[in-house]
Each structure stands twice: as structure tokens, then as C-alpha cells.
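I opened the model to look up its metal sites and its salt bridges. My notes follow.

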Amino acid sequence: MKITFYGHASLGIEVNGTHILVDPYISANDKAAHIDIDSLKADFILLTHAHGDHILDVEAIATRTNAVIVSNAEIAGYYGAKGFQSHPMNHGGSWNFDFGKLKYVNAIHSSSFPDGSYGGNPGGFVIEGEHKNIYIAGDTALTMDMKLIPMRTKLDLAILPIGDNFTMDVEDAIIASDFVDCDKILGYHYDTFGYIEIDHEDAIRKFFNKGKDLMLLEIGSSIEL
Ligand code: NI
Ligand code: MN
């Protein structure tokens, strides 16, 4: 499994020969100006919630790639009504896709579209694929529901928001990594705007002091699991 960070909460995941994009918000992110959305491959686009900083580039990429948009029922329905391929899910449900098993799990946040349309309730994803399992938390507060995840899935990586203000901060993300029983963490949802700027060295040290590995990737770079 290969995971590429495209800035903010945007991820590319290659698993079992399938290309997945998560929450594409790239074309308006000055820090991701070197990423060309027209070059990104996508068989599936996973959306955690409907906020503009998670869906901005969905329509451009899905129009070009014909990717299947996977999200909660309301977000899937919104794009389905516009003629895009979509797959609706809801909290607690799983589906076996080409790339592996995907579960939509709870997040504590909100989820309206920029145009005011109802975006259902926000979530995160657990992907079980190619003998590696990852958790993509989405925008969320720390929540006890995270403790349910390791009861079903042994995680190899937890992708957690750490930027504070709209989501967990570093300290809450450390507790979240305990809740999901995973010591390997990819941080996201930081630095994009003034509200969520963080001190990288301080964040990495705080995780390190708890015996955990926080990775902060350069935009466009990847890790292999
Ligand atoms: Ni949000
Ligand atoms: Mn966000």
C-alpha cells in the first residue's frame, strides 16, 4: 500500500493496483501548487464530509477519471444527482471493493456543502487492503468511538488531524492513537490556513515522548506500508 500526501487532508492511496483519492482539496491550496490535479489517477474518490476544504476538486477529477465517489448516503446522493458514479455508505457499514474492505466510521464534526446542501454526518474510513490496514480519521474531535476500531481491525497506520481549531490538536491526537491502538501516525489537516498552523518539531517530539512515530510528509511525497 502506497500513501501520498497531497496537502491539507488530501491523500492518494494505491492498493491492489487501484488508485484512491481522499478529500481532494488541491487546486486552491497554495502549498500544493506543484500538484497538477489533471495528472492524478483515481478509480475511487473517498469523501469524509462535504466541507469545501475536502471536496473542492472532486467534480474536476471525477469528470476526467469517471471515478466512483464513495461517502455517506447524502454526499453520494448529491454527486449521483449530478451524474457522477457514486457509492453510498453510512456509519458502521462496510463494503468489499476491488481494493479491499472499506468501513465508514464515526467522526465528531459537521458536514454541509459550500452551497448549503445537506452533507449528512461526517465520518472517517478504515481500509483493510493488501494485508495492511489504515484508519483515515477525517476532520474530527477526539471521541471514545475510536476505541471501537481496534476491536475489529489491527491498524498499521492511523491518519489523524493535528491542526487544532477545527479538529483535534496534537495532544488529543496522541490520545486518539492510543484509542485506535496504533503507534504509527501520519498527521494531516495542519498548516493550510492560519487557524491550523503547527510547530512540526514540537508535534513530532510530543508523539516521540509517548513512544509513537508521527510522520509529516512533504506535499507530493509518499510512504509505503
Ligand atoms: Ni471540515
Ligand atoms: Mn477540514
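How are the donor residues of the manganese ion (ligand 2) spaced in sequence? I read the spacing as D-H-x84-D-x49-H.

**Ground rules.** This is a predicted model, where local features need pLDDT of at least 70, side-chain atom pairs count only at pLDDT 80 or more, and totals for chains, interfaces and linings use all residues. Residues are numbered from 1 along each chain as its sequence is written, chains are lettered from A and ligands numbered from 1 in the order in which they are written, and side-chain values use heavy atoms, with hydrogens and water left out.

**Entry 1, manganese.** I looked up the protein donors of the manganese ion (ligand 2). They are D53 (OD), H54 (NE2), D139 (OD) and H189 (NE2), at 2.1 to 2.2 Å. I counted as donors N, O and S atoms within 2.8 Å of the metal, or 3.2 Å for Na, K and Ca; water is not among the atoms, so sites may look incomplete. D53 sits in helix α1, and H189 in the loop between β12 (184–188) and α6 (200–209), so this pair ties together parts 136 residues apart in sequence. Helices (H or I, at least four residues) and strands (E, at least two) are DSSP runs, numbered from the N terminus. I found both D53 and H189 buried. Buried means under 20% relative accessible area, exposed over 50%, and partly exposed in between (1.4 Å probe, protein chains only).

Next I took the nickel ion (ligand 1). H49 (NE2), H51 (ND1), H109 (NE2) and D139 (OD) are its protein donors, 2.2 to 2.4 Å away. I noted their sequence spacing as H-x1-H-x57-H-x29-D. H51 is in the loop between β4 (44–46) and α1 (52–55), and H109 is in the loop between β8 (100–106) and β9 (123–129), so the pair links distant parts of the chain, 58 residues apart. H51 is buried at 16% relative accessibility. H109 is partly exposed at 25%.

I then checked the geometry.

- E59 pairs with K82, the closest N and O atoms being 2.8 Å apart. E59 is in helix α2 (residues 58–65) and K82 in the loop between α3 (73–81) and β6 (86–89), 23 residues apart. E59 is partly exposed at 29%, and K82 is partly exposed at 43%.
- K212 pairs with D183, with closest N and O atoms 2.8 Å apart. K212 is buried at 5% relative accessible area, whereas D183 is partly exposed at 44%.
- D202 pairs with R205, with closest N and O atoms 2.9 Å apart. Both lie in helix α6, three residues apart, about one turn of the helix.

Last, I noted a network of salt bridges linking E171, D202, R205 and K206.

How values were computed
Salt bridge = Lys/Arg side-chain N within 4 Å of Asp/Glu carboxyl O.
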